[in-house]
Structure formats: structure tokens, C-alpha cells
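Keep it brief, and give the cut-offs behind each term.

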Number of protein chains: 2
Amino acid sequence: MPTADIVERLRNGDRRALARVVTLIENGAPQARQILAQLHVHGGRAHIVGFTGSPGAGKSTLVMQLARELRRRDQRVGIIAVDPSSPFTGGAILGDRIRMQELAGDPNVFIRSMASRGSLGGLAASTRDVVRALDAAGFDTVIIETVGAGQAEVEIVRAAQSVVVVTVPGMGDDIQAIKAGILEIADIFVVNKADRPGADQTAAELRMLLSLDEQRKERPWRVPIIKTNATTGEGVPELADKLASHLASLRASGTLAERSGQQARSEMLALLQQALLQKIETTIGPEEWQRLVEAVVERTADPYTTADELARRIGLTPAE
Amino acid sequence: MPTADIVERLRNGDRRALARVVTLIENGAPQARQILAQLHVHGGRAHIVGFTGSPGAGKSTLVMQLARELRRRDQRVGIIAVDPSSPFTGGAILGDRIRMQELAGDPNVFIRSMASRGSLGGLAASTRDVVRALDAAGFDTVIIETVGAGQAEVEIVRAAQSVVVVTVPGMGDDIQAIKAGILEIADIFVVNKADRPGADQTAAELRMLLSLDEQRKERPWRVPIIKTNATTGEGVPELADKLASHLASLRASGTLAERSGQQARSEMLALLQQALLQKIETTIGPEEWQRLVEAVVERTADPYTTADELARRIGLTPAE
């Protein structure tokens with residue numbers, strides 16, 4: 001199908017066109033790029049929400065409950081699950097499976113699980129592109145669910161405008177992990193399974209960590225801590241409210257434009273890096289590249305001098 | 001000090017020269033690059049061992065005990081702690097502090113804690129460079145200790161030839177995290193705090209996960225699971241033995257050369273990407289770059305077409 005047709009259909013709400021585009025993105029098809037270039041200029045309306053947190057924190061159930069709540073508010077909702085252990089990919093418990101079926105049958109909900117194959121950098125790029133497609137297709141909220149708090153997940157949720165970090169009572173190690181790096185990416189903290197003992201204490205610990213985080217002091221947004229019970233849905237309307245306030249705050253403070261700028265910058269750099277790789281391939285070919293690598297491995301050459309020479313040959317730096 | 005002098009002194013075991021080089025690396029000093037280029041060709045002898053695992057698993061205590069064991073075997077040992085919560089950086093418990101002092105006073109041990117500031121990609125590069133310096137300085141084993149099991153840590157331990165993943169009995173979430181991605185990077189599993197209840201069960205669960213991991217079947221190395229008690233030192237000699245057998249297996253199977261090739265490749269690509277960034281800066285300057293970013297944010301332009309044009313202007317792709 002010609003690019004212009006797919007773009008047109010996707011924008012008119014054709015789910016098959018959307019599913020097709022997502023598949024093209026996942027397969028890294030050349031056509032995907034042309035489509036995405038056209039879709040980009042039609043987007044910018046969706047609220048992009050990232051969910052992260054440890055395995056077992058109940059993220060997926062919470063995401064489903066949030067999607068239902070947003071549907072009640074008449075929003076169209078896209079869900080991208082970047083988590084091999086997510087119930088969206090199969091292994092759901094009974095309650096989740098029922099919620100899943102309800103959501104999956106709703107024409108105003110689009111759920112896609114993305115396989116965690118290939119490089120994680122590649123996955124972050126694909127996720128961002130699928131967000132772009134859902135945005136251009138008119139979804140009001142696009143939720144990205146990812147597992148864990150490692151840098152890869154941080155990379156993936158960077159595509160989000162609002163980041164929700166999900167934890168559960170008594171996760172001592174979780175708090176440690178939060179200390180180690182996730183604190184600065186959270187816009188909203190959720191203490192899920194709040195019916196368990198220790199929920200108040202976990203919330204209090206988080207509050208203390210947040211107030212110690214001095215950088216926050218100058219920020220216009222005070223990170224809220226919401227207690228939820230994803231199974232019953234308790235706390236979910238409050239989460240939806242806070243997400244809306246966060247978006248409003250991002251807009252009012254100019255932070256939204258700033259974050260979009262950072263995203264555009266890093267995306268263009270990634271695209272230029274692809275062009276760089278192609279240039280290396282066409283300039284020196286795989287055999288010479290292999291010889292250069294071997295010389296570095298055998299320590300007859302060093303990587304710095306070799307890279308400098310390569311940079312000169314592909315015209316990145318002037319000849320000496 | 002001239003580059004050649006520093007290189008000479010470092011290779012002759014001058015600790016102050018080594019400390020100086022590490023500082024130059026951490027500060028990203030231009031001289032570091034020249035020094036490292038010369039050091040690279042003198043390296044290749046050290047066994048590089050990565051330690052990773054959840055906070056609280058006792059990694060640091062175990063690393064110290066392993067260092068003591070290797071000293072008993074008359075090895076020179078370098079330790080690089082890439083973990084803000086590591087006792088190497090301050091907050092050690094009493095037993096660790098005594099072991100630390102003993103190690104720190106030994107001229108054949110070099111301990112350096114690396115701050116986790118800046119980008120994580122930058123940290124992985126600095127870690128790799130500090131390993132290079134320790135290798136050229138004649139350390140027999142270089143241990144990299146990092147926290148957690150996120151992609152950043154995986155990136156950091158990729159500099160290692162042998163990766164030890166440390167877990168403790170009953171860490172349910174840990175097993176989940178292992179499932180999610182760390183399984184394939186572990187060369188040795190350690191169940192630390194093996195005096196606690198559940199150690200055998202955790203070891204059995206790990207064994208099952210490993211045997212399910214079909215990819216392993218074709219590999220020459222069968223990942224061992226070692227039970228240790230880092231406080232008493234139990235199991236540590238066995239760990240040292242297994243590390244030595246793993247290195248021997250890597251050499252015999254050709255995997256060592258393969259891994260070195262991958263590392264050389266990714267390092268050269270990273271260096272070329274730096275050259276790319278400089279070229280963009282000198283070709284279009286920060287103001288035009290900012291204008292391009294803004295056009296993408298305002299959706300009057302798309303990132304793909306913009307990056308394509310930039311690639312043409314800096315000579316990465318031919319003009320149309």
C-alpha cells in the first residue's frame with residue numbers, strides 16, 4: 001500500500017492500517033521511516049505516560065485499571081507493553097485476563113506488546129516510533145509499560161511526558177533502587193497493593209527521599225505519592241487526576257517544550273548515528289573493518305588511533 | 001608530566017602515576033586519550049572479572065574476600081567499584097572496614113570507586129579505560145563491582161571477561177530480574193549468605209532456570225552455582241578456582257578472542273560517534289542546531305528528513 005494511503009487511513013482511525021504501521025516499525029522496514037516522517041507533523045496531541053517499577057509490583061494490572069478509568073472519561077487509550085513478562089503478552093492471572101478481554105474488545109483501545117529482542121537502544125527507538133503512530137492516530141493517552149528500573153527502562157520511558165513509578169509496601173530493595181537513580185525520573189509515585197501492611201511507611205519513606213532530593217525544590221511540580229489497590233481499582237481515579245494535573249503543569253511551566261526539545265535532539269542524533277554506520281560500511285567494507293578490529297584485539301593497534309584514522313577517511317575530521 | 005613518562009612510570013608499578021591516569025580518565029582530559037592509546041598495546045594480560053547483583057546481596061564483602069584470596073595466590077588485584085552505595089565509597093560496616101584497610105594498605109592492591117555521575121554511557125567508557133590502565137600496570141585480576149541488573153550495569157560488566165552474578169537466598173524478585181535478562185550474562189552464579197535458610201532452594205531454582213536456557217546447551221562452559229558466606233569467607237576459594245577455570249575455558253574455546261572483538265568494535269564505534277558530534281558542532285553551530293530542533297518540536301519539520309539533510313551537509317551521505 002502506498003505510504004500516503006496508509007498515513008491517511010491511520011489518521012482516519014483505521015485499526016488495520018495502524019497495526020500494519022506498528023509491524024513495519026518493529027521490522028525496521030524502510031517504508032516505516034517515510035510513514036513516520038509524515039505522521040510526525042500530524043502528532044503532538046497525545047499525553048504520553050510511562051509506567052515503570054519492579055517485577056511483581058502490579059504495574060500491568062494498574063495500567064489496565066487506568067485504561068478503564070480513562071475510557072470512562074471518554075479518552076481513546078493506547079498501551080505499549082515493553083515487558084516480556086507482562087500479562088499483555090500472555091501469562092495473565094484470571095482478573096487481568098478478564099480486564100484484558102474487555103479492553104481488547106474496545107475499538108477505542110489499542111494494545112501492543114513489544115518484544116524485547118534486538119538491542120535495547122533499538123527497542124527504545126521502536127517504542128518512540130509506535131508512540132508517534134498512536135499519537136497521529138488520535139489516541140488521547142498513550143501508556144508505555146516497562147519493567148524494572150535499569151537504564152534501558154529509563155531510556156524507554158524518556159519517550160514519556162509523565163512517568164509513574166510503581167512500588168509496593170515493604171520493598172526495601174526497591175527503595176534502594178529508587179535511591180540509585182529512578183528518583184529523578186518519577187513524576188508520580190504509586191504505592192500499589194496499599195492494602196498490605198507497611199503501605200503508609202513506604203509512602204513516608206518515599207516522601208522523605210523526595211524531600212531530600214534537593215533538585216526538586218526548584219521544580220514547579222511536587223511529586224505526589226498515591227496509594228492504590230490495582231485489584232479493586234482503589235486510588236486509580238486519583239492517579240488519572242494527577243496525571244492530568246501533571247500534564248497541565250508541564251505545559252504551564254514550559255517543561256513540556258523543553259522535554260520535547262531533548263527528545264527531538266536525541267532522536268536526530270540517533271538517526272545521524274545510523275547514517276554514520278552506513279557510511280563506515282560503504283567506505284571501508286566489512287572485511288577491512290574486521291581487519292581493523294583484529295589489529296586492536298591483537299594489540300598491534302589501539303582503538304583511539306584507529307578510530308581517528310577512520311574518522312578522517314569518512315570525512316568527519318580533516319586530513320592532517 | 002609528558003605522556004611517555006606517565007606511561008613508563010605506570011608500567012613500572014608507580015601507584016601515583018596510576019592514580020593520576022585514573023583521575024585524567026575520570027575528568028575526560030585530552031591527555032588521557034593519548035596515554036590510553038599507548039597503554040592499550042601493553043595490555044591484554046589481566047583477567048577482568050565483573051560482579052553484579054541486587055543491593056544488599058553482599059557483593060562488596062564478597063569482592064573484598066575474593067581480593068584477599070587472590071592475594072594469597074600471589075596475584076596483584078585491582079578493584080573498580082561502580083556503585084554509589086558501595087562500602088568502597090564510605091558507608092562500610094565494621095567487618096568490611098577492617099578488610100578494606102587491610103587491602104588498601106597492600107601495595108599490590110589498587111582500589112578505586114568511580115562516581116556514578118554523568119551519563120551512564122560515559123561511565124561505561126571510563127570504567128573500560130580504567131580497566132585498560134590497570135591491565136597495562138600489570139594487575140593480574142581486575143574486578144569491576146556494579147550494582148543491580150539494569151542495562152547500564154550490563155553495559156559496564158561487558159568490559160569483563162568473566163561475570164559473577166551475586167544473589168541471596170529467598171530473593172524472589174531477584175530471580176524474576178534474573179529471568180528478565182541477566183541470565184545470559186552470568187558466567188558464575190553465587191548464592192551468598194548461604195547460611196540463611198533457603199540457600200539450597202535458591203541454588204536449585206537457579207539451576208533449573210539455567211538448564212531451561214536452551215542457548216546454553218551449545219556453549220562449552222556450564223555456569224556453576226557457588227554457595228558462599230562472604231562474612232566468613234566460606235566458598236571464596238572455590239569462587240577463585242571457578243574464575244580461573246572460566247578464563248581457561250574462554251581461551252580454549254576461542255570465546256575470549258570473540259568477546260574482545262565485540263568490545264573493540266563497540267569501542268571504536270563510540271569513538272566515531274564522538275567525532276560525529278564534533279563534526280555537527282563545527283558544521284552547523286549550536287544556533288542552527290537549536291532552530292532545527294525547534295522546528296521538529298513545533299512539527300513544522302520531521303526528525304527523519306531533518307537528519308537526512310544534516311547527514312548530507314556533513315558529508316555522511318552523498319548530495320541528491
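Helix α4 of chain B lies across β1 (47–53), β2 (77–82), β3, β4 (141–146), β5 (162–167) and β6 of that chain. α4(B) runs at about 175° to β4(B). Axes here are lines fitted to C-alpha atoms, for helices over the stretch in contact, and angles run from 0 to 180 degrees between N-to-C directions. Contact means that the C-beta atoms of two residues, placed from the backbone, lie within 7 Å. Helices (H or I, at least four residues) and strands (E, at least two) are DSSP runs, numbered from the N terminus.

This is a predicted model: local features need pLDDT of at least 70, side-chain atom pairs count only at pLDDT 80 or more, and totals for chains, interfaces and linings use all residues. Residues are numbered from 1 along each chain as its sequence is written, while chains are lettered from A and ligands numbered from 1 in the order in which they are written.

| Helix | Strand | Angle |
|---|---|---|
| α4(B) | β4(B) | about 175° |

Seven strands of chain B form an open sheet, in the order β3-β2-β4-β1-β5-β6-β7. The pairing is parallel; two strands pair if DSSP finds at least two bridges between them. β3 (109–113) and β7 (225–227) of chain B stand at the edges with a single partner strand each, so one side of each has no neighbour in the sheet. The twist averages 20° from one strand to the next. Strand β6 (residues 188–191) of chain B is joined to β7(B) by three bridges. V190(B) stands opposite I226(B) in β7(B).

**Helix α4(B).** Ten of the 14 residues of α4(B) are buried, meaning that 20 or more other C-beta atoms lie within 10 Å of a residue's own; 12 or fewer is exposed, and in between is partly exposed, with C-beta atoms placed from the backbone. Among the buried ones are K59(B), M64(B) and L70(B). D74(B) follows α4(B), and its phi is positive, near 70°.

**L256(B).** This residue is found in helix α11 (residues 255–297) of chain B. L256(B) counts as partly exposed because it has 17 C-beta neighbours inside 10 Å. The C-alpha atoms of L256(B) and S162(B) are separated by 9.7 Å, although the two are 94 residues apart along the chain.
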